[in-house]
Amino acid sequence: QVQLVESGGGLVQPGTALRLSCAVSGRTFSTSNIGWFRQAPGKEREFVAAMSRSGRSRRYADSVKGRFTISRDNAKNKNSVNLQMNSLKPEDTAAYYCAADFIVFDEEISTDANQYDLWGQGTQVAVSS
């Protein structure tokens, strides 16, 4: 069964780092773009970062550029897409979701949540002093 499972959320202080992981099962890992989105209470879900299925291309939201890094872990039996979040700010507080975009062309990466076909259950990140 194809599924995405996030992990790594938690409560941290401003200025610190956190690493989220999205375990991707089956062929989805090599055939899909994988993205991270977040949703804060009372706000719409927003794009954070995404990586192409080849691993060659990445896109970031302006609000996280220079602080967040998306990467793929291709180690045997460990297909995952990770989000390293540095210099965290209180405004980064949200539920974070990874998602897979099954229909992709070359190195194009969508930032539209409606284009993503499969979602994980989410992991909560809280940044507070």
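User: What makes C22 and C98 a disulfide?

Analyst: A disulfide is a pair of cysteine sulfur atoms within 2.5 Å. The sulfur atoms of C22 and C98 are 2.1 Å apart, so the pair meets that limit. This is a predicted model: local features need pLDDT of at least 70, side-chain atom pairs count only at pLDDT 80 or more, and totals for chains, interfaces and linings use all residues. Residues are numbered from 1 along each chain as its sequence is written, and side-chain values use heavy atoms, without hydrogens and water.

User: Why is the disulfide of C22 and C98 called right-handed?

Analyst: Its S-S torsion is about 65 degrees, so it is right-handed.

User: How do you know whether C22 is buried or exposed?

Analyst: Buried means under 20% relative accessible area, exposed over 50%, partly exposed in between (1.4 Å probe, protein chains only). C22 has 0% relative accessibility, so it is buried. C98 also has 0%, so it is buried.

User: Why is the pair of Y97 and W119 called edge-to-face?

Analyst: Rings of Phe, Tyr and Trp (its six-membered ring) pair if their centres lie within 6.5 Å; planes under 30 degrees apart count as stacked, over 60 as edge-to-face and the rest as tilted. The centres of Y97 and W119 are 6.5 Å apart and the planes stand at 75 degrees, so the pair is edge-to-face.

User: What makes W119 partly exposed?

Analyst: Its relative accessible area is 25%, so W119 is partly exposed. Y97 is at 15%, so Y97 counts as buried.
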